[in-house]
Every structure is written in C-alpha cells, then in structure tokens.
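Me: I want to learn how to read charged pairs and a metal site in a model. Can we take them one at a time?

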Amino acid sequence: MNRTAVIFSPRYCEHNPGRNHPESAKRFTAIMNELKKDTLSQNRDWRFVEPTKASVEDVKLVHDTEYIKHVRSVCRSGGGLLDLEDTVVSPKSFEVALYAVGGTLKAVDLVMERKFQNAFALVRPPGHHANRFEACGFCIFNNISIPAECLLRKHRLKRIAILDIDAHHGNGTQETFYGTNKVLYVSLHEDPRGFPGTGFVDELGEGEGLGYNVNVPLPFRTGDQVYLRAMKEIAEPILRQYKPQFMLVSAGFDGHYADPVGSLSLSALCYREVCERIMKLASETCEGKLVAVLEGGYSLKFVGRLVAAAILEMSGSRYAVSDSIPKPKKSVRIQGEKIIEEVKKAQRTFWKI
Ligand SMILES: [Zn+2]
C-alpha cells in the first residue's frame with residue numbers, strides 16, 4: 001500500500017479573496033515551493049493525487065440548499081462578501097470550493113479503499129468555520145464535516161473522530177455534530193471570546209451528543225509546553241477511549257508564533273510532535289486510517305515548512321525542522337494550566353481523565 005496521498009490541484013489557487021487578504025493563493029505557492037525541494041520530492045512515500053469535484057448533492061450532506069445557491073449566485077455576479085466580516089468570494093470560488101470538498105472526499109475514499117494508508121488534503125478555501133447556513137472566517141463549505149457525514153452514510157461507520165488543531169475554534173464543525181455521538185469533536189484553540197464566539201469549556205454536546213464535544217480554549221500566546229500538555233492529558237486519552245474507526249484532522253497551522261492571524265505561540269517543533277502523536281493515536285485506534293485537511297496557516301515564511309513536516313511525518317519519515325521556541329509569560333502558562341484542569345473537570349463526567 002502507498003503511504004500518503006497529498007491531494008492538490010492548481011485550481012485551488014483560483015479562489016481569490018482579494019489583495020492583502022491573508023487567505024491567499026500565495027500560501028499555496030509557499031507550500032509547493034517547499035514540497036518541490038529535492039529532499040522532499042525524492043521521498044516517494046507520498047505522492048500528489050488530483051482531486052475530483054464534489055457534487056452539489058455532496059455539499060448538501062451538511063449545507064442548506066438555499067445557502068449553496070446563494071454562494072453560486074454571488075460568484076456568478078462577480079464575487080463579493082459572503083458574511084459581515086472577511087469571507088470573500090471571486091467568480092471562480094464556487095467551483096474551487098466544490099473541488100476543496102471533492103478533495104477531502106477523495107482523500108477519505110482513497111484511505112477507505114486502502115489505496116493509501118493516510119492522506120493530506122491540501123485544499124483551499126478552508127472549511128471548519130462554515131455552518132449549515134452561513135460562510136464564516138474565510139470558509140465557504142465545511143471541508144471536514146462533509147467527509148465525516150460521508151463516512152457515516154456511505155461507508156456506514158459509527159465512530160468518527162475529528163481533532164481540530166487550527167488556532168481557532170471550528171464553530172461550524174461543532175455545530176454540525178453537536179447532537180450526535182457518532183462524531184467526536186475535540187478542539188484545541190485560542191481564547192474564542194473575540195472570534196468565533198464559541199468553543200468554551202461548557203459546550204459539551206446535547207442529546208445523544210452530550211459528552212462528545214471537547215473544547216480546550218487556551219489563553220492567547222500559549223506556548224508548546226501547555227499545548228502539548230492539553231494534547232497528552234485531554235485530547236489523547238479521550239480519543240483513545242472513544243476508539244474511532246477513522247480519524248479526521250482539521251490541520252490548521254495558524255497557531256505558529258509567526259502567524260499574522262492566529263494568537264498562539266507554538267513552534268514548528270510542537271507541530272511536528274503533535275503530528276507524531278496523532279499518527280501514533282491513529283495507528284493504535286483505527287489502523288492508521290487518517291485524513292488531515294488543511295485549514296488555516298498564514299505565515300508565508302513558515303506555512304510551507306509546517307505542512308511539509310506534517311506530510312513527511314505522515315509518510316513515515318522525518319523533516320529536519322529547526323525553530324526557536326517562544327517562552328510564554330508565567331501568567332499565560334498558569335492560566336493555561338488552570339483551563340486544562342477546568343476541561344478535565346467538565347469532561348470527567350464522560351471520560352476517564
Ligand atoms: Zn484558524
């Protein structure tokens with residue numbers, strides 16, 4: 001079996017939210033420049049795979065028909081704002097967004113068919129903020145929720161885990177699966193009081209979904225040490241106990257200290273360790289069936305290296321990463337540790353942590 005599929009198409013660069021928008025095609029130029037370096041392209045344990053285009057029916061697994069029509073019509077009329085803030089579309093964005101969803105669906109199929117051990121869907125626009133009725137935070141369609149629905153319906157799985165490591169809370173994903181125990185949503189993110197306004201400790205799910213929603217809202221400028229502690233003491237034990245049949249990861253890299261959008265202070269070494277731990281977890285719980293989907297990551301200096309390191313880790317090799325490790329303020333560390341304890345207390349009703 002081939003090791004890692006990297007889903008990518010140059011089409012993803014055709015979505016243009018405008019000059020000076022952080023979610024630009026330049027991100028992909030930076031990632032491709034890194035992946036095309038000799039040392040990386042000679043590693044043939046990963047390979048590029050073209051995405052297919054999702055159908056409107058696929059998108060309807062998560063989104064409302066009227067919303068889908070609205071996106072199409074704004075694009076057809078030349079583009080513009082989809083929300084009240086900063087989610088902008090250009091004439092080709094509807095098409096590109098269908099390819100983003102199609103890319104993640106393809107990734108899941110390749111892994112389910114055992115053609116690849118795992119896959120990284122290198123897609124844009126990102127997805128985890130989009131909900132049933134609305135675009136939000138640069139996201140149009142929810143690229144991670146749609147394959148999760150597909151795994152439940154088409155592949156008849158009963159336990160899917162979504163681990164969200166983007167710096168921001170995946171409000172759209174949480175909302176989609178808030179009432180079900182078939183999808184466990186675990187998110188580590190920065191203080192969500194400003195944006196997106198959800199992602200607090202006491203959002204635990206409802207009905208059958210009660211206990212299947214885990215939020216770890218860390219203080220701004222949290223560093224590697226506290227972040228890794230949240231992974232080890234909260235995310236990992238809960239995911240192990242849930243025993244997912246498939247793991248999806250909302251892979252955002254905007255928690256890096258140099259990121260112009262996110263407000264955490266993580267180093268590249270932290271990301272690589274997180275990736276290593278996720279790989280271990282997937283191999284222990286679901287025979288390594290893992291699909292990572294790109295979300296944020298806006299530092300043009302670092303995003304290429306961060307993504308490359310993740311892809312190499314997934315394909316079983318190591319990327320030589322060097323980076324400085326920011327030392328957060330003591331007050332930030334203490335506040336972070338306090339939140340970890342609060343999350344544990346809230347989740348102990350449901351999990352042994
Ligand atoms: Zn983000």
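Reply: We start with the metal site and then turn to the salt bridges. Keep in mind that this is a predicted model.

Me: Which residues coordinate the zinc ion?

Reply: Look for donor atoms around the metal. Here they come from Asp166 (OD), His168 (ND1) and Asp254 (OD), at 2.0 to 2.1 Å. Along the chain, the donors follow the spacing D-x1-H-x85-D.

Me: Are aspartate 166 and histidine 168 buried or exposed?

Reply: Both are buried.

Me: Now the salt bridges. What is the general idea?

Reply: Side chains of opposite charge can pair when their charged atoms come close.

Me: How many salt bridges does the structure hold?

Reply: It holds 25. Take lysine 154 and aspartate 109, with their closest N and O atoms 3.2 Å apart. Lysine 154 lies in the loop between helix 6 and strand 6, and aspartate 109 in helix 5, so the pair ties together parts that are 45 residues apart in sequence.

Me: How accessible are lysine 154 and aspartate 109?

Reply: Lysine 154 is exposed, at 52% relative accessible area. Aspartate 109 counts as buried, at 18%, because the cut-off for buried is under 20%.

Me: Which salt bridge does glutamate 276 form?

Reply: Glutamate 276 meets arginine 318, at 2.9 Å from N to O. Glutamate 276 sits in helix 9 and arginine 318 in the loop between helix 10 and helix 11, so this pair links parts 42 residues apart in sequence. Arginine 318 also forms a salt bridge with glutamate 313, at 3.1 Å between the closest N and O atoms.

Methods
Residues are numbered from 1 along each chain as its sequence is written. This is a predicted model: local features need pLDDT of at least 70, side-chain atom pairs count only at pLDDT 80 or more; totals for chains, interfaces and linings use all residues. Side-chain values use heavy atoms; hydrogens and water are left out. Donors are N, O and S atoms within 2.8 Å of the metal (3.2 Å for Na, K and Ca); water is not among the atoms, so sites may look incomplete. Buried means under 20% relative accessible area, exposed over 50%, partly exposed in between (1.4 Å probe, protein chains only). A salt bridge is a side-chain nitrogen of Lys or Arg within 4 Å of a carboxyl oxygen of Asp or Glu. Helices (H or I, at least four residues) and strands (E, at least two) are DSSP runs, numbered from the N terminus.
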